[in-house]
Amino acid sequence: MGTEGTTARPRPLQSLLPYAYLLPALVVFAVFIFSPLVKSVILSVQGTDILGNPTGFVGFVNYTKLVTDSDFLKVLGVTAAFTVLTVVPSIVIGLALALLLQTRIRLVRFFRTGFALPFAFSVATASVVFQVLYNPASGVLNGILSLVGTGKVDWLTNPDLALWSVSAATVWMQLGYNLLVLSAGLGALPEEVIEAARLDGASGFRLQRSIVLPLLTPQLFFLVVTGTIHSLQSFGQIKILTVGGPENRTTTLVYSIYEQAFANNNSNYGYASAQAMVLLLIVLIVTALQFGVLERRVFYR
Amino acid sequence: MCAAVVAISLGACSGGSSTSGSSAQGAPAADALSKAKGVTTVSFWHAMNGKNATVLTGLVDAFNKAHTGKIVVKATYAGTYDDAITKYKAAIKSKSTPDVIQIYDIGTRFMIDAKQTVPMQEFIDRDKTDVTDLQPNIAGYYSVDNKLYSMPFNTSMPVLYYNKTLFTKAGLDPTKPPATLEEVRTDAEKLAKVNGGPAAYGFGAAIYGWLLEQFIASAGDDYCDSDNGRKGTATKVEFDQPDAVAVVAWWQKMVKDKLAANTGRDTAAAQTAFKSQQVAMLLESTGQVGGFTQAATDGKFELGVANYPKLKASDSGPIIGGASLWIDGAGHADASKEAAWEFVKYLSEPATQATWHTGTGYFPISKAALQQPADVAWRQQYPQFDVAVQQLQNTPLTTHTQGCLMGVMPQARKASEDGIEAALNGTDAQQAMTKAASGLSSLISTYNASAK
């Protein structure tokens with residue numbers, strides 16, 4: 001330690017080098033993340049004229065409007081429901097499929113590729129496919145149901161069902177990615193631990209539950225965190241499948257921001273920015289909670 | 001085209017008004033273009049896609065060919081009407097508006113309030129252009145205080161499409177389509193499967209606010225106050241008035257009794273239901289006549305087109321909707337404005353409108369277009385389209401049929417859809433429409449305060 005001052009003094013250029021490497025990423029972040037963020041904060045305390053130009057400081061008018069707007073409370077409810085309905089099934093089903101694909105059955109590669117394929121679809125493409133499936137007049141799903149003899153289901157026009165239908169589409173889109181991550185996790189499990197458990201007599205469900213699952217918690221935790229953020233930011237499927245309807249029952253926070261800022265000749269950037277701040281806050285709180293509560297139960301080897 | 005050129009040179013001879021040339025909202029001097037050196041480019045944003053875009057591109061190409069070396073129009077697709085107006089707002093901020101933009105009818109008040117464009121009337125007055133050829137009902141929508149702000153371009157009306165084959169199967173007379181909502185219901189009762197009829201549903205319509213606007217207009221009511229915003233600034237919407245609620249309640253009962261299909265807001269879904277013969281009657285725009293004729297041929301059924309049904313037999317007719325062309329003034333050179341005016345005039349000529357009409361099904365804004373040989377021949381081939389011609393001619397021009405002029409009209413349309421949707425899903429019709437209408441009040445007052 002005593003020699004540090006004399007021999008290992010870094011030259012100025014050398015100490016700047018790491019920052020130079022970071023620079024491209026920082027520039028992208030500054031331009032596309034930080035500056036819009038700062039702009040949103042500023043806009044959220046401004047009024048907006050009919051062209052979308054800020055009209056000056058209005059204090060917390062946009063925020064008090066949020067609190068008093070009953071529709072906005074509904075939006076938060078829809079957002080929470082949508083997040084739960086997409087994150088939980090996409091992880092549970094993804095895990096089930098990943099475990100099934102561990103077994104040595106024929107054509108396992110084919111199935112793995114097949115199940116992972118949704119990952120390669122863009123949200124827009126997948127949504128259009130689901131639009132064809134759900135179509136109230138010529139939908140494939142209703143076509144199949146009519147063969148069975150049951151009545152038609154209003155997948156997207158029934159207010160009680162629409163959110164479930166959009167969530168199901170989202171789960172399908174998310175499933176491929178989750179399956180890939182979990183399969184990779186399963187593939188990397190230490191053979192000796194599994195073998196030791198087998199020698200101790202653990203097998204079947206017991207082995208999965210007590211040995212495999214705890215070893216897989218890092219991947220599961222990762223998927224819960226990224227899946228939640230992803231769900232909170234979902235937009236394409238709602239825009240394409242339901243445009244937030246029926247009766248605003250699929251209007252999530254992100255969709256509401258879009259409606260206020262860009263749809264139907266709206267340009268209420270002030271109010272939309274205030275909603276965006278709420279979204280930011282929710283993402284921060286949820287992620288912090290997940291790290292605070294869930295991560296304690298994650299088993300890192 | 002010759003007449004237009006003559007009119008411009010005449011305007012130049014009489015001196016024009018050179019002082020107003022440099023102002024953002026006045027017409028430039030009539031010789032602005034002839035003085036300009038080289039080729040003047042006109043950027044043109046439109047919201048036409050598919051077949052309509054192909055026909056429009058053909059028209060633009062023809063114009064460019066006729067003005068080689070002088071004017072070149074560059075047409076760009078700006079997305080749907082909603083997208084186009086959103087992009088236009090962004091363009092105002094970045095001072096990059098196009099020379100000509102196509103904006104939907106309900107964006108009219110906003111375009112006036114945005115104060116970016118040169119009203120058509122400025123050009124018309126300067127050149128003493130003869131505009132008697134414009135269909136008065138169509139020009140009426142875009143006229144405020146007797147001043148034509150934008151040039152109507154593509155216009156359509158709602159009509160009732162019906163499946164004659166299914167009518168015959170249900171024991172109805174296919175030459176006697178229903179004229180009122182009550183008759184629509186009577187016929188739907190015979191057509192629908194629920195009563196053993198040949199179609200899954202008798203009637204269908206997308207949850208599209210435009211359709212409700214038509215019922216209100218033809219019933220002789222205003223959609224918003226201040227005489228539909230024509231005598232002053234509108235301060236509230238009135239789609240919760242008795243006639244409107246009666247229409248929504250009728251619709252609600254049709255759905256509840258399984259006589260009508262609720263296919264949601266997606267107009268394409270409602271169209272599919274009609275094309276695949278699941279619904280026997282459909283409310284849609286005249287713009288669908290081509291597509292439905294094709295579907296009828298493919299699906300082996302006979303297509304009928306009838307007047308838009310009325311709430312009461314004595315009602316008049318619907319509003320003429322669609323989109324119009326606006327010439328941007330603020331930040332644009334005089335030569336560009338003048339070239340834009342040339343282009344807009346060309347698009348409103350009888351021959352152009354006849355090509356547009358026969359190519360797309362949009363109603364011609366020019367009376368003379370209907371006399372063009374190509375147009376006459378086309379209507380002989382598709383007699384369905386004469387229904388729209390007669391419907392238009394039988395509709396008197398009043399503030400009711402002029403339609404509501406209001407800055408937040410796009411938001412109002414969406415709100416009315418929220419109301420209809422809630423009603424169709426079981427909420428009391430009056431309650432649903434009142435809630436939707438009152439929800440707009442703060443939006444309207446914010447807009448009006450900001451637009452001053």
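How many residue pairs are in polar contact between chain B and chain A? In this predicted model, the count is 10, with both residues of each pair at pLDDT 80 or more.

**View 1. Chain B meets chain A.** Here 32 residues of chain B are in contact with 27 residues of chain A. Putting the two chains together buries about 2,400 Å², and carbon and sulfur atoms give 50% of that area. Look out for B:Lys89, B:Lys93 and B:Lys414: this trio supplies 22% of the area that chain B buries against chain A, more than any other three residues.

**View 2. A salt bridge across the interface.** The count between chain B and chain A is 1 salt bridge. Its partners are the side chains of A:Glu259 and B:Lys414, at 3.7 Å from N to O.

View 3. B:Thr97 sits in the loop between α4 and β3 (100-104) of chain B. Is this residue, B:Thr97, buried or exposed? B:Thr97 counts as buried because its relative accessibility is 10%, and the cut-off for buried is under 20%. Its side chain joins that of B:His332 through a polar contact of 2.8 Å. Leaving aside residues up to four places away in sequence, B:Thr97 also touches B:Tyr88, B:Ala91, B:Ile92, B:Asp328 and B:Ala330, among others.

Note on methods
Residues numbered from 1 in each chain as written. Chains lettered and ligands numbered in written order. Predicted model: local features only at pLDDT ≥ 70, side-chain atom pairs only at ≥ 80, totals over all residues. Heavy atoms only, no water. Contact = heavy atoms within 4.5 Å. Buried area = accessible area lost by both parts, 1.4 Å probe. Salt bridge = Lys/Arg side-chain N within 4 Å of Asp/Glu carboxyl O. Polar contact = N/O pair within 3.5 Å; in protein donor to acceptor, adjacent residues only side chain to side chain. Helix = DSSP H or I, 4+ residues; strand = E, 2+ residues; numbered from the N terminus. Buried < 20%, exposed > 50% of the residue type's maximum accessible area, 1.4 Å probe, protein only.
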